[in-house]
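Hi there,

Here is the structure I promised to pass on. Have a look at it first, and then read on for what I found in it.

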Amino acid sequence: MQPRNMSMSGVVDLAAVKAAQEAKAKAEQARAEAARQGGGGAVTPASLVIDVDEAGFELDVLQRSTEVPVVIDFWAEWCEPCKQLSPLLERLAVEYNGRFVLAKIDVDANQMLMQQFGVQGIPAVFAVVAGQALPLFQGAAAEAQIRGTLDQLVQVAEQRFGLTGLTVDADATAGEAPVAREVPAGPYDALLEAAVQALDAGDFGGAVQAYKNVLSDDPGNTEAKLGLAQAELLQRVQGLDPQKVRRDAADKPADVAAQIAGADLDLVGGHVEDAFGRLIDTVRRTAGDDRDAVRVRLLELFEVVGADDPRVVAARRALARALF
């Protein structure tokens with residue numbers, strides 16, 4: 001888990017890759033069969049980014065993953081963060097020059113695939129390597145972090161499965177339109193990158209300030225809003241004694257501060273529903289300033305997880321019932 005984005009794994013979980021040797025052997029057999037049938041030649045840059053549906057998933061993703069890692073971008077036309085992330089992934093697919101293929105899946109048109117991968121909010125990014133599915137990250141993320149995740153994916157694919165990627169025909173580039181839209185460098189890239197570096201160094205206060213600097217000029221900046229909410233959460237729990245916090249939260253159900261601290265710790269530990277449920281229950285038991293303090297913290301935690309997350313949608317409904 002990366003501190004900047006609570007949904008982002010940041011690294012590929014090697015332990016989650018089951019039966020790696022068997023999968024590697026199957027991948028090698030598939031590549032050998034493709035070679036016998038005349039496949040495995042150079043590909044064009046345009047073929048590194050593909051639209052995939054349920055009918056073509058077996059061929060375009062599962063079979064292709066025996067040759068090269070396939071990164072899956074679950075997106076939808078109505079998803080605003082997707083409009084920032086998808087062009088970036090497209091550009092990186094071309095830049096990585098065949099070390100992975102990007103498969104774009106429209107969730108509105110492919111609900112079954114969305115359910116099979118357990119997608120709970122978009123954008124969501126997965127990888128399939130030698131037939132094995134790996135969750136990469138969900139939600140907005142900085143380019144530096146995405147590159148780090150892709151670098152580890154490529155490394156795992158090569159070392160564990162012998163997948164060295166595809167050969168790209170460089171001569172084909174001149175005669176075709178660019179496959180990915182150019183993503184111009186934004187005016188706040190340096191500040192956002194500084195925030196990520198501060199988080200990596202454990203300087204949560206520095207990250208908070210960097211995100212606030214962006215938002216002071218651009219209050220609607222999605223990445224900065226998400227980053228600020230998460231940096232502030234990490235800053236709050238830094239230095240807490242987890243055992244004491246949990247003990248106080250269990251022993252003092254009427255103590256608003258104890259319940260708020262417990263919810264923060266729940267969320268950092270990945271227990272999203274527990275964090276939301278704790279605060280909603282506290283809202284029901286409180287009134288006045290205490291209730292308002294709990295409500296405000298709950299809204300801040302919604303920002304950390306992301307407004308499109310189904311758990312946030314459900315918790316918002318529960319909060320409304322508790323309040324009214």
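A crossing of two helices is called left-handed if the near helix is turned anticlockwise from the far one by less than a right angle, and right-handed if it is turned clockwise. With that in mind, helix 9 passes helix 10 in a left-handed crossing. More on that pair below, but first a word on the model as a whole.

Please remember that this is a predicted model. The mean pLDDT of the chain is 80, and 81% of its residues reach 70 or more. Over residues 1-24, though, the pLDDT is below 50, and this stretch has 71 contacts in the model beyond near neighbours in sequence. Residues 173-184 also have a pLDDT below 50, with 18 contacts beyond near neighbours in sequence.

The chain has 324 residues, of which 46% count as buried. Its secondary structure comes to 13 helices and 5 strands. Among contacts with a separation of 6 or more, 72% are between residues 24 or more positions apart.

Now back to the helix pairs. Helix 9 covers residues 242-251 and helix 10 covers residues 256-268; they pack at an angle of about 130°, and their axes are 8 Å apart. Angles over 145 degrees would count as roughly antiparallel and those from 65 to 115 as roughly perpendicular, so helix 9 and helix 10 are oblique to each other. On the helix 9 side, the residues that meet helix 10 include P242, V245 and R246. Their partners in helix 10 include A258, Q259 and L265.

The other pair is helix 3 (residues 80-95) and helix 5, which pack at an angle of about 45° with their axes 12 Å apart. That angle makes helix 3 oblique to helix 5 as well. Here the crossing is right-handed. L85, L88, L89, R91, L92 and E95 are the residues that helix 3 brings to this contact, and they meet E143, I146, R147 and L150 in helix 5.

Helix 5 spans residues 143-161 and also holds T149. Is T149 buried or exposed? T149 has a relative accessible area of 1%, so it is buried. T149 and L136 are 13 residues apart in sequence, and their C-alpha atoms are 7.3 Å apart in space.

The structure holds 1 disulfide, formed by C79 and C82, whose sulfur atoms are 2.4 Å apart. Which hand does this disulfide have? The torsion about its S-S bond is about 80°, so the disulfide is right-handed. Both C79 and C82 are buried.

Finally, a few backbone details to look at in the loops:

- I122 and P123 are joined by a cis peptide bond, with omega about 0°. P123 lies in the loop between helix 4 (111-116) and strand 4 (124-129).
- N97 is not a glycine, yet its phi is positive, near 55°. N97 sits in the loop between helix 3 and strand 3 (101-106), and its relative accessibility is 46%, so N97 counts as partly exposed.
- A130 is another residue other than glycine with a positive phi, near 50°. The loop that holds A130 runs between strand 4 and strand 5 (132-138). At 11% relative accessibility, A130 counts as buried.

Enjoy browsing the model!

Best wishes

Terms used. Residues are numbered from 1 along each chain as its sequence is written. This is a predicted model: local features need pLDDT of at least 70, side-chain atom pairs count only at pLDDT 80 or more; totals for chains, interfaces and linings use all residues. Side-chain values use heavy atoms; hydrogens and water are left out. pLDDT is the predictor's confidence in each residue, from 0 to 100. Contact means heavy atoms within 4.5 Å. A disulfide is a pair of cysteine sulfur atoms within 2.5 Å. Buried means under 20% relative accessible area, exposed over 50%, partly exposed in between (1.4 Å probe, protein chains only). Axes are lines fitted to C-alpha atoms, for helices over the stretch in contact, and angles run from 0 to 180 degrees between N-to-C directions. Helices (H or I, at least four residues) and strands (E, at least two) are DSSP runs, numbered from the N terminus. Angles under 35 degrees count as roughly parallel, over 145 as roughly antiparallel, 65 to 115 as roughly perpendicular and the rest as oblique.
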